[in-house]
Amino acid sequence: MKYDFDSILDRRGHDALAVEMIPIPGAKVADGVSRIPMWVADMSFPTAPAVTEAVRKRLEHPCFGYYMPTDEYWDSIIGWQRRRNGVEDLTRDEIGYENGVLGCLSTVIAAFTMPGESVLFLSPVYVGFQGTMEKTGRRVVRSELVKDSRGIYRMDFADMDRKIKENNIRLAVFCSPHNPCGRVWSREEIRGAMDVFEKNNCIVFSDEIWSDLVLDGHRHVPTQSVSDYAKHHCIACYAPSKTFSLAGLIGSYHIIRDAGLKKTVDDKAAETGYNHMNVLSMHALTGAYSQEGEEWLEELLKVLSRNIHYACDYIAAHFPGVSVTVPEGTYMLFLDCEEYCRNKGRDMDELLRAGIASGVIWQDGRTFGGTHTIRMNLAVPYSMLQDAFDRLDSSVF
Ligand SMILES: Cc1ncc(COP(=O)(O)O)c(C=O)c1O
């Protein structure tokens, strides 16, 4: 490997939410025990050197006045989308900066729905979506993903259709690849969902923030590419933040292929006056989306795949009653502990607290969906991952 994914970064004292905060109320790490951050979605790896280098170069010029997005910024996104996602005909006019994917979701909600209206989600669902809905006074209607006989999460198109009709839904939120279930939806699956949305005239917010992190031969299919309806009714959101651990710099973007739809979203965002890029995040993106950034990503994907298989194999061998679906993308693992808790007579709150006490900072999956779920972030150095699972084995399960 050319890049370092093995060294353990000490993130303490460097503003890292992942190590400074414990996400389970009342839970405490036992005295003298080190913390292994395995919850919020950022990685415990240093970002790509191409990112640090691009930001460092910009810092050398000691003036940070008003600035203009460079040609390189737009061309980097166009090139990245062509190389990674096979989007051949993207133009600058179809791209827009977003102050976070959730910021874009707030704008879209405001543009296409009224307070009190319902929005469709596929559940389990990224907890941030739920928070955005609550803050904007919209109702969440969940269509549950269902596990097939092989334990793979599938969409229930009939249920989605029924819920949209029953609740007069005009906006649907789609997450591809899916957090927390780790599905990389196939073209046929996305087409099936878009057909339901088309039948019901829904606008679709397609969160593709995880699109670079597809593993083991899976390929990301941009939602807008599956049909003409999708191309003209879908607001797609991307960012280098999950891929390169840049969430702290803020710097997402949307792709909207339909000029009318784009104008509606841009006009709504402009009402707040807050949707402006930061010059350092612009340079971080151009560094990330460079050839060197891409080489780093290819190595990262191998590291993540190894971690995911290690964790899934370990659980199958050591934690009877805990089930997982092997993620096809993302670096999140969604544990279902229902059978385990039933067999052992254990309670989820106590189980979650025991994990935290052992220093494994994991996340209550029930806020995403399910009654006995835990979400774990596997983007940590391999030795840390092994340490985490050994701790879970000896002190928790
Ligand atoms: C599916 C999904 N969407 C959005 C976000 C947050 O994106 P942003 O920080 O750009 O608002 C996350 C963060 O984990 C996520 O998993």
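Me: Where does P180 lie in this model?

Reply: This is a predicted model. P180 lies in the loop between β7 and α7. P177 is found in that loop too, with β7 spanning 171-175 and α7 spanning 187-199.

Me: How do I read the peptide bond from N179 to P180?

Reply: Start with the general idea. Most peptide bonds are trans. Now the case here. The bond from N179 to P180 is cis, with omega near 20°. The bond from S176 to P177 is also cis, and its omega is near -10°.

Me: What is the phi of N168?

Reply: In general, most residues other than glycine have a negative phi. N168 is not a glycine, yet its phi is positive, about 45°. Look for N168 in the loop between α6 (157-166) and β7.

Me: Next, helix packing. How do I describe α4 and α10?

Reply: Two packed helices are described by the angle between their axes and the distance between the axes. Here, α4 covers residues 101-112 and α10 covers residues 259-272. Their axes come within 9 Å and cross at roughly 110°. The two helices, α4 and α10, are therefore roughly perpendicular to each other.

Me: Which residues of α4 and α10 make the contact?

Reply: From α4, T107, V108, A110, A111 and F112 take part. From α10, the residues are L261, T264, V265, K268 and A269. Sort the residues of this contact by type: seven are nonpolar, two polar and one charged.

Me: Now the ligand. Which residues are around it?

Reply: The residues around the ligand include A41, G100, L102, Y126, C175, K242 and S252. N179 and I209 are also among them.

Me: What are the distances from the ligand to V101, D207 and W210?

Reply: Take each atom pair in turn. A polar backbone atom of V101 is 2.8 Å from an oxygen atom of the ligand. For D207, an N or O atom in the side chain is 2.5 Å from a ligand nitrogen atom. For W210, a polar side-chain atom lies 3.0 Å from an oxygen atom of the ligand.

Me: How much of the ligand does the protein bury?

Reply: Begin with the ligand taken alone, which exposes 400 Å². The protein buries 88% of that.

Definitions and conventions: Residues are numbered from 1 along each chain as its sequence is written. This is a predicted model: local features need pLDDT of at least 70, side-chain atom pairs count only at pLDDT 80 or more; totals for chains, interfaces and linings use all residues. Side-chain values use heavy atoms; hydrogens and water are left out. Axes are lines fitted to C-alpha atoms, for helices over the stretch in contact, and angles run from 0 to 180 degrees between N-to-C directions. Helices (H or I, at least four residues) and strands (E, at least two) are DSSP runs, numbered from the N terminus. Angles under 35 degrees count as roughly parallel, over 145 as roughly antiparallel, 65 to 115 as roughly perpendicular and the rest as oblique. Contact means heavy atoms within 4.5 Å. Ala, Val, Leu, Ile, Met, Phe, Trp, Tyr, Cys and Pro count as nonpolar, Asp, Glu, Lys and Arg as charged, and the others, Gly among them, as polar. A residue is near a molecule or strand if one of its heavy atoms lies within 4 Å of it. A polar contact is a pair of N or O atoms within 3.5 Å; within protein, one must be able to donate a hydrogen and the other to accept it, and residues adjacent in sequence count only if both atoms are side-chain atoms. Accessible areas come from the Shrake-Rupley method with a 1.4 Å probe; for residues, only the protein chains shown count as cover.
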